[in-house]
Amino acid sequence: MHNVVIIGSGPAGLTAAIYTARANLSPLMIEGSQAGGQLTLTTDVENFPGFPQGIMGPQLIQDMRAQAERFGTAFQTADVTKVDLNRRPFAVTINDEETVQARSLIISTGASANLLGLDSESRLLGHGVSTCATCDGFFFRGQPIVVIGGGDSAMEEATFLTKFASHVTIVHRRDKLRASKIMQDKAMKNDKISFRWNSVVEEVLGDDVVTGIRLRDAVANDTAMLDCKGVFVAIGHTPNTQLFRGQIDTDANGYIQTTHGTATNVPGVFAAGDVQDPHYRQAITAAGTGCMAAMDAERFLEAEG
Ligand code: NAP
């Protein structure tokens, strides 16, 4: 039986691991088959305090993991396929093979990239359609690329992709960006980036690989083709809470609801990071709530005796 099982290995989970390990709770972290969360899909992190020159996302995760390991966190690189939160100890099934028992649980499963929901988009995913500029940008050297979205992610991806692309067009469904001023300015000042406003992607074109997109201008209500080799979808995220559906309270968008710090409606189950945060969604806030979840779990276990 484990004192604490942590599901998910982004900054929230890893911070929870560091704190629970240092509290001698010998945490078990199930880090998922794609360990490390969204920071592993990003490049420079310039706003995580303590790194005046910035740090690469994957490096930050690697360092956090090493720190958690140093204090005795056990890691399992596998997926949780089932949880039973109806009785204590909680049962956590890993890869449909093994079930471990947990006196307390910290959920830090994060959020995943949204897609537009077009058939052509899913057909060409991995063949020109991507949700990760860091992972796939390199494949489009010297080629025209489209980034879809108007938030910080879209600005960040577009700016990053100018390292490779001949040109980047940001396609946004409105005429105002949602992104923060600083990220907007950076994209707008980049002469390799242009904008298509009020434009909705109707279809990603191409048989085996992407050759372009068909856009509908929402104001003029006409369509146009835009040639490109890469389509990067950066339209937000959905919390990874499918595993817990029906067993834990979530909001209408699936984000786990927490009260009194990181407590969920199930005593002994705590949630940290993007899985419970539709508002801030930063690495530093995820890490902060990871610390809170660890302390909340520790107090819970102490009170249980
Ligand atoms: P977001 O802020 O929710 O923005 C999503 C964008 O996608 C919006 O512009 C939205 O359009 C558009 N969109 C949503 N659904 C769409 C659809 N079906 N079709 C076309 N467009 C669609 O998401 P995000 O950019 O991923 O950012 C999430 C959070 O992470 C934010 O808090 C952001 O500040 C943070 N973040 C920070 C950094 C950084 O500081 N370095 C980098 C990345 C992200 P509308 O505007 O019309 O709704």
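## Backbone features in the loops

Asn-198 sits in the loop that runs between β13 (193-196) and β14 (199-205). In this predicted model, the phi angle of Asn-198 is near 50°, which is a positive value in a residue other than glycine. Ser-26 is placed in the loop between α1 and β2 (28-30).

A further backbone feature concerns a peptide bond, namely the one from Arg-88 to Pro-89, which is cis and has an omega near -5°. Pro-89 belongs to the loop between β6 (80-84) and β7 (90-94). These features deserve a second look because most residues other than glycine have a negative phi, and most peptide bonds are trans.

## Helix α1 and its two partners

Two packed helices are described by the angle between their axes together with the distance between those axes. For helix α1 (residues 11-22) and helix α2 (residues 57-70), the axes come within 8 Å and cross at roughly 20°. Because angles under 35 degrees count as roughly parallel, α1 is roughly parallel to α2. The crossing of these two helices, α1 and α2, is left-handed. On the α1 side the contact involves Pro-11, Leu-14, Ala-17, Ile-18 and Ala-21, and these meet Ile-61, Met-64, Arg-65, Gln-67 and Ala-68 of α2. Sorted by class, the residues of the contact of α1 with α2 comprise 8 nonpolar, 1 polar and 1 charged.

Helix α1 also packs with helix α7 (residues 283-304), at an angle of about 35° and with the two axes 7 Å apart. Here α1 passes α7 in a right-handed crossing, whereas the crossing of α1 and α2 is left-handed. The residues of α1 that take part are Pro-11, Ala-12, Thr-15, Ala-16, Tyr-19 and Thr-20, and they meet Ala-283, Ala-286, Ala-287, Gly-290, Cys-291 and Ala-294 in α7. This contact of α1 with α7 has 9 nonpolar and 3 polar residues, with no charged residues.

## Helices α5 and α6

The axes of helix α5 (residues 152-161) and helix α6 (residues 181-189) come within 9 Å and cross at roughly 35°, and α5 passes α6 in a left-handed crossing. From α5, the contact is made by Asp-152, Met-155, Glu-156 and Thr-159, while α6 supplies Met-183, Gln-184, Lys-186 and Ala-187. By class, the residues of the contact of α5 with α6 divide into 3 nonpolar, 2 polar and 3 charged.

## Around the ligand

The ligand is surrounded by 20 residues, and the closest of them are Asp-152, Ser-153, Arg-173, Arg-174 and Arg-178.

A polar side-chain atom of Arg-178 lies 2.6 Å from an oxygen atom of the ligand. Backbone atoms take part as well: a polar backbone atom of Gly-150 is 3.0 Å from a ligand oxygen atom, and a polar backbone atom of Gly-151 is 3.4 Å from an oxygen atom of the ligand.

Conventions
Residues are numbered from 1 along each chain as its sequence is written. This is a predicted model: local features need pLDDT of at least 70, side-chain atom pairs count only at pLDDT 80 or more; totals for chains, interfaces and linings use all residues. Side-chain values use heavy atoms; hydrogens and water are left out. Axes are lines fitted to C-alpha atoms, for helices over the stretch in contact, and angles run from 0 to 180 degrees between N-to-C directions. Helices (H or I, at least four residues) and strands (E, at least two) are DSSP runs, numbered from the N terminus. Angles under 35 degrees count as roughly parallel, over 145 as roughly antiparallel, 65 to 115 as roughly perpendicular and the rest as oblique. A crossing is left-handed if the near helix is turned anticlockwise from the far one by less than a right angle, and right-handed if clockwise. Contact means heavy atoms within 4.5 Å. Ala, Val, Leu, Ile, Met, Phe, Trp, Tyr, Cys and Pro count as nonpolar, Asp, Glu, Lys and Arg as charged, and the others, Gly among them, as polar. A residue is near a molecule or strand if one of its heavy atoms lies within 4 Å of it. A polar contact is a pair of N or O atoms within 3.5 Å; within protein, one must be able to donate a hydrogen and the other to accept it, and residues adjacent in sequence count only if both atoms are side-chain atoms.
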